[in-house]
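Here is a short briefing to read alongside the sequence and the fold. Keep the viewer open and follow the topics one at a time.

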Amino acid sequence: MAKPRIDHDRLFKELLSTFFEEFLLLFFPNVYEHIDVHHLSFLSEELFTDVTAGEKHRVDLLVETKMKGEDGLVIVHVEHQSYAQRTFPERMFLYFSRLFQKYRRRILPIAIFSYDEHHDEPSSLVVQFPFLTVLDFRFLTVELRKLPWRAYIRHDNPVAAALLSKMGYNEEEKVEVKKEFLRMLVRLELDEAKQRLLFGFFETYLRLSEEEEAKLRNEVSQMETKEAKQVMELIVSYEQRGMEKGIQQGVKQGMKQGRQKGIEEGKLDVVKRMLAKGYDVDTIHELTGLPVEKIERVKG
């Protein structure tokens with residue numbers, strides 16, 4: 001069965017448009033110092049035909065802002081790149097020039113490289129002759145895979161928390177990365193909508209196996225008491241949402257196969273997954289509403 005396609009552009013756009021100020025503060029503090037963050041507005045998407053590849057492409061994020069102490073406007077163009085492309089600097093320049101042609105304002109171009117492999121990405125496009133440099137176009141870059149994730153876990157920054165999932169960790173560190181993400185989420189104390197955005201982003205790119213989830217729960221239980229309780233509550237709340245979603249899917253399936261049977265099958269499937277993750281019978285009973293006796297039978 002084919003894996004569902006991930007809409008990388010949508011995920012990054014939601015993250016950056018929600019936490020744009022935090023994005024600048026995290027990766028480009030020198031830019032942040034000069035930008036008037038009280039004057040931020042998001043412009044409509046720009047659709048260009050890429051003459052180098054013959055395909056249409058949307059500029060990921062256009063942010064209109066001001067420099068502190070100035071009247072003139074600045075446009076920040078953030079471009080998310082999820083795969084290696086040899087002509088990317090050329091493409092960045094084409095979008096820059098077309099945006100400038102339309103808006104006639106200063107434009108700050110930023111590229112985020114989020115693919116899984118390590119690459120040495122250029123951050124400029126130079127056109128020159130032995131006697132003259134015609135063009136020296138430069139743009140800011142963030143190469144996520146090259147970033148040491150441990151260097152970002154002390155930042156109480158929601159962008160840092162979400163992007164841990166795309167930074168330079170190895171397979172053996174996945175459990176620890178998620179544990180630190182959850183600790184950051186607890187410290188941030190965000191509202192439910194923003195918390196759900198970060199959790200959904202993180203889980204899209206870093207998903208643990210059932211064995212790894214069990215290891216995570218064990219490590220959390222050994223943390224300082226108050227923090228362990230908060231992190232565990234976070235884990236349970238999101239697992240419960242996943243279970244409720246599974247039950248709802250069982251209900252929909254039940255409408256085709258017999259409503260009650262479908263609901264029952266959906267709940268039993270959830271019970272099996274909860275037992276595999278080490279939940280006790282009483283907790284499963286409380287979350288699913290199934291009789292203790294039935295849960296005990298599934299447990300065997």
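Helix α1 (residues 8-18) packs against helix α7 (residues 192-205) at an angle of about 145°, and their axes are 11 Å apart. Please keep in mind that this is a predicted model. The protein has 300 residues, of which 42% count as buried, and its secondary structure comes to twelve helices and nine strands.

**How α1 meets α7**

- The crossing in which α1 passes α7 is left-handed.
- On the α1 side, the contact is made by His8, Leu11, Phe12, Glu14, Leu15 and Thr18.
- On the α7 side, the residues in contact are Lys194, Leu197, Leu198, Phe201, Thr204 and Tyr205.
- Sorted by class, this contact has seven nonpolar, three polar and two charged residues.

**The nonpolar core**

- The largest nonpolar core holds 58 residues.
- Those with the most contacts inside this core are Phe23, Phe27, Val78, Leu163, Leu164, Phe181 and Leu198.
- Helix α6 (residues 174-188) gives the largest share of this core, with eight residues.
- Leu198, listed among the residues with the most contacts in the core, also takes part in the contact of α7 with α1.
- Which residues does phenylalanine 23 touch, leaving aside its neighbours within four places in sequence? They are Leu16, Phe28, Val78, Ile110, Ile112 and Val159.
- In soluble globular proteins generally, nonpolar side chains tend to be buried together.

- Helix α4 (residues 88-103) has 16 residues and reaches 22 Å from its first C-alpha to its last, close to the 22 Å expected at 1.5 Å a residue.
- The buried residues of α4 are Phe88, Pro89, Arg91, Met92, Leu94, Tyr95, Leu99 and Tyr103.
- Helix α6 has 15 residues and reaches 21 Å between its first and last C-alpha, close to the 21 Å expected at 1.5 Å a residue.
- Is α6 mostly covered or mostly uncovered? Helix α6 is mostly covered, as 13 of its 15 residues are buried.

- Most residues other than glycine have a negative phi.
- Glutamate 189 is found in the loop between α6 and α7 and counts as exposed because its relative accessibility is 70%.

**Contacts across the sequence**

- Among contacts in the protein between residues at least 6 apart in sequence, 61% join residues at least 24 apart.
- Where is glutamate 45 found? Glutamate 45 is in the loop between β1 (35-42) and β2 (47-50).
- Is glutamate 45 buried or partly exposed? At 37% relative accessibility, glutamate 45 counts as partly exposed.
- Glutamate 45 and leucine 62 are 17 residues apart in sequence, and their C-alpha atoms are 7.2 Å apart in space.

Methods. Residues numbered from 1 in each chain as written. Predicted model: local features only at pLDDT ≥ 70, side-chain atom pairs only at ≥ 80, totals over all residues. Heavy atoms only, no water. Axes fitted to C-alpha atoms, helices over the stretch in contact; angles between N-to-C directions. Helix = DSSP H or I, 4+ residues; strand = E, 2+ residues; numbered from the N terminus. Left-handed = near helix turned anticlockwise from the far one by under 90°. Contact = heavy atoms within 4.5 Å. Nonpolar A, V, L, I, M, F, W, Y, C, P; charged D, E, K, R; others polar. Core = buried A, V, L, I, M, F, W, Y, C linked by side-chain atoms within 4.5 Å. Buried < 20%, exposed > 50% of the residue type's maximum accessible area, 1.4 Å probe, protein only. Expected span 1.5 Å × (residues − 1).
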